[in-house]
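Dear colleague,

Please find below the structure that I am handing over to you.

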Amino acid sequence: MDKLRIRGGRTLKGEIAISGAKNAALPLLAACLLTDETLTLSNLPHLADITTMANLLAQHGVDIHLNGQGGAHGCQGRVVELNAGTITSLEAPYDLVRKMRASVLVLGPLLARFGQAKVSLPGGCAIGPRPVDLHIKGLQAMGAEIEIEGGYVVAKAPPGGLRGAEFVFPQVSVGATENLMMAAALAKGETVLVNAAREPEIGDLAHCLIAMGAEIEGIGSDKLRIRGKERLHGATHAILPDRIETGTYAMAAAITGGEVELIGARLQDLQAVAITLAGANVAFVPTERGFRVQPTGPLLGVDAMTEPFPGFPTDLQAQMMALMCVANGASMITETIFENRFMHVPELARMGAKITVHGSSALVRGVPKLTGAPVMATDLRASVSLVLAGLAAGGETVVNRIYHLDRGYERLEEKLIACGADMERLKDAT
Ligand code: EPZ
């Protein structure tokens, strides 16, 4: 398995182009199943999770064409054309779903368009149990009959297809909101989703569905009203820039005391992070091409609590913790979305961080300097937090198991090296 070697202590300076959002791209790819016409998506990031979703769609029979490989850095701004005119299988097999939970996003579209679907239950995950009960309950509210058989969700629409319904989420769920919104776009009548997720990726999916002929109101609010259509048509849609990649590089700049312009970044998607970091003496200054991250004083400890959008994102919690490890003073970081998202803590501790976990909160006492060490993590954001720590640490850090990073960060080391980071990928000879 490849590793990443980082020699810390370099101040990042320069600019980083932000890629298309992984978590917007995954549901958008699944949306191709809603129509027999071609869906064209641009700004597709080149990531392992995107390949997994493409493989899943291909085994359903979707015809996929990838263009535009010739961007400035190889794969930047790729365009994909997806045609689900001939679907050959309504089953999402365990082997693909277990690789990536977002595979469950094919359930709503397949059920809505074809009246049935069989999708493997994703199973456990490094950051918590992550059930899919809300996806199932929402589809049941629309009239679907759902059984769990042999580890699979086996779903059937009622005769005449799914029916619009009102569904109140007992807990905010990004994936379930996406699945139900896609299903509702082809259901009979109106669906109202109450306490829906408001993440920018939901808005991006809604805009694409509207371009495909859907009628959706309430984008950006927690109440979505979807009027179902008999059929949807092809469309062209540009995937929004990745706010989590943006926040990660903002914190990478901050942890080195550097100054980096994030090109194409959308400040409006990161308001909670901007406000929190302002308290830590890190400013996000809007520019014509995105925004610039710059220090306004010594890095200070501040508290952060993860919440559904527009709150502080759980997908930036590990990176924020790495940053707080070298701040002046203490910081309380509270995780409210996932039960087990502190796996980076013992690894950061191996680099000299002072962190005490009490339930869902971690108390971080800033130290003047971390020290490099061999480390590894079991999920994407935890892994990248170790990269950030390595950038600030004295000496050499080797991050193992970096296939996690390749799931969600496009050309990570290339982007950081261009800003002065001293790092390299060590290919595994075996
Ligand atoms: C999305 O996951 C993201 N993934 C995650 O990104 C992100 O951490 C998460 O939203 C929260 O923002 C994609 O968009 C592909 P949820 P999702 O349903 O949709 C519970 C990353 O690093 N829940 O909003 O799976 C669940 O257990 C990642 O890129 C139920 O109880 O998250 C969690 O505690 C990983 N029942 C909470 O809700 C359900 O049916 C929020 O989960 C569904 C969820």
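Buried, in these notes, means under 20% relative accessible area, exposed means over 50%, and partly exposed lies in between (1.4 Å probe, protein chains only). The model is predicted, with local features requiring pLDDT of at least 70 and side-chain atom pairs counting only at pLDDT 80 or more, while totals for chains, interfaces and linings use all residues. Residues are numbered from 1 along each chain as its sequence is written, and side-chain values use heavy atoms, with hydrogens and water left out.

Helices α4, α5 and α6

Helices (H or I, at least four residues) and strands (E, at least two) are DSSP runs, numbered from the N terminus. In helix α5 (residues 133-141), the buried residues are Leu134, His135, Ile136, Gly138 and Leu139. Their cover includes α4, β8 (145-149), β9 (152-156), β10 (166-168) and α6, where contact means heavy atoms within 4.5 Å. Gly143 follows α5 and has a positive phi, near 100°.

Helix α4 is mostly covered, with 6 of its 8 residues buried: Leu107, Gly108, Pro109, Leu110, Leu111 and Ala112. These buried residues pack against α1 (22-30), α2 (48-60), β7 (116-120), α5, β9 and α6. Just after α4, Gly115 adopts a positive phi of about 80°.

The axes of α4 (residues 107-114) and α6 (residues 174-185) are 7 Å apart, and the two helices pack at an angle of about 15°. Axes are lines fitted to C-alpha atoms, for helices over the stretch in contact, and angles run from 0 to 180 degrees between N-to-C directions. The two helices, α4 and α6, are therefore roughly parallel to each other (angles under 35 degrees count as roughly parallel, over 145 as roughly antiparallel, 65 to 115 as roughly perpendicular and the rest as oblique). On the α4 side, Leu107, Gly108, Pro109 and Ala112 meet Asn179, Met182 and Ala183 of α6. The residues of this contact divide into 5 nonpolar, 2 polar and no charged (Ala, Val, Leu, Ile, Met, Phe, Trp, Tyr, Cys and Pro count as nonpolar, Asp, Glu, Lys and Arg as charged, and the others, Gly among them, as polar).

The two open sheets

Strands β22 and β23 (residues 396-400) run parallel and are joined by 3 bridges, with Met376 opposite Asn400 in β23.

Strands β15 (residues 259-263) and β17 (residues 290-295) pair in the antiparallel sense over 4 bridges, and Leu262 stands opposite Phe291 in β17.

A buried loop residue

Asp315 is in the loop between β18 (304-305) and α10 (317-324). Its relative accessibility is 15%, so Asp315 counts as buried. Not counting residues up to four places away in sequence, Asp315 touches Asn23, Ile244, Arg341 and Arg381.

With kind regards

Key. Pairing = 2+ DSSP bridges.
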